[in-house]
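Subject: Structure handover

Dear colleague,

Here is the structure for your set. My notes follow below it.

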Amino acid sequence: MIFAITSMNTAAVAGEGGCGGSGTKGALVGGAVGGLLGHSLAGKNKLAGTVLGALGGAIVGSVIAKKLDECEKQKMAKANVDAANAPVGQAQTWTSDTRSDVHGTVTAAAPEKLADGRQCRTVTNVAYISGQEVRETPRLCRTPPATDWKVA
């Protein structure tokens, strides 16, 4: 799990500062750096490290994640991975260990097959942070036979 923590810390730093309101730059930089770190730190299972590092890094650069602490970011990233691999509509939940008013759900829509062979799923992230509801709907894609989802 070190690779996920390391990539999320790097992604959080990459997402701060000069990023615009959408969090796209932070997501892209975080995803790239997270994937590289995950790949290099995963030991024997390089694929798993790359997948979780890249997806986790991209998610951590999002608008919601900018309002979360590191532990909350990890929980949200795991919920996104779990939702992408879950049946349609099966909500994945996460809850802050330190703030009672911070929690969220992630639900994935049905997979779509694109003309280029990719499979994509839109996930809906709903976070409740200090009484405020925040929503994002990133699109995750993969090219079979690959099993890893990447933010499109």
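From the N terminus on, the elements run α-α-α-α-β-β-β-β-β-β-β, that is, four helices and seven strands. Helices (H or I, at least four residues) and strands (E, at least two) are DSSP runs, numbered from the N terminus.

This is a predicted model: local features need pLDDT of at least 70, side-chain atom pairs count only at pLDDT 80 or more, and totals for chains, interfaces and linings use all residues. Residues are numbered from 1 along each chain as its sequence is written, and side-chain values use heavy atoms, with hydrogens and water left out.

Of the 152 residues in the protein, 41% are buried (under 20% relative accessible area, 1.4 Å probe, protein chains only). The accessible surface is about 7,500 Å², and carbon and sulfur atoms account for 59% of that (Shrake-Rupley method, 1.4 Å probe). Taking contacts (heavy atoms within 4.5 Å) between residues at least 6 apart in sequence, 46% join residues at least 24 apart.

Strand 2 (residues 102-108) pairs with two strands, where pairing requires at least two DSSP bridges. With strand 1 (residues 92-95) the sense is antiparallel, over four bridges; Gln92 has Val106 as its bridge partner. Six residues lie between these two strands, which form a hairpin. With strand 4 (residues 119-129) the sense is again antiparallel, over seven bridges, and Ala108 is bridged to Val123.

The covered face of strand 2 holds Val102, Gly104, Val106 and Ala108, while His103, Thr105 and Thr107 are on the uncovered one. In a regular strand, side chains alternate between the two faces of the sheet.

Regards

Technical notes. Buried means under 20% relative accessible area, exposed over 50%, partly exposed in between (1.4 Å probe, protein chains only).
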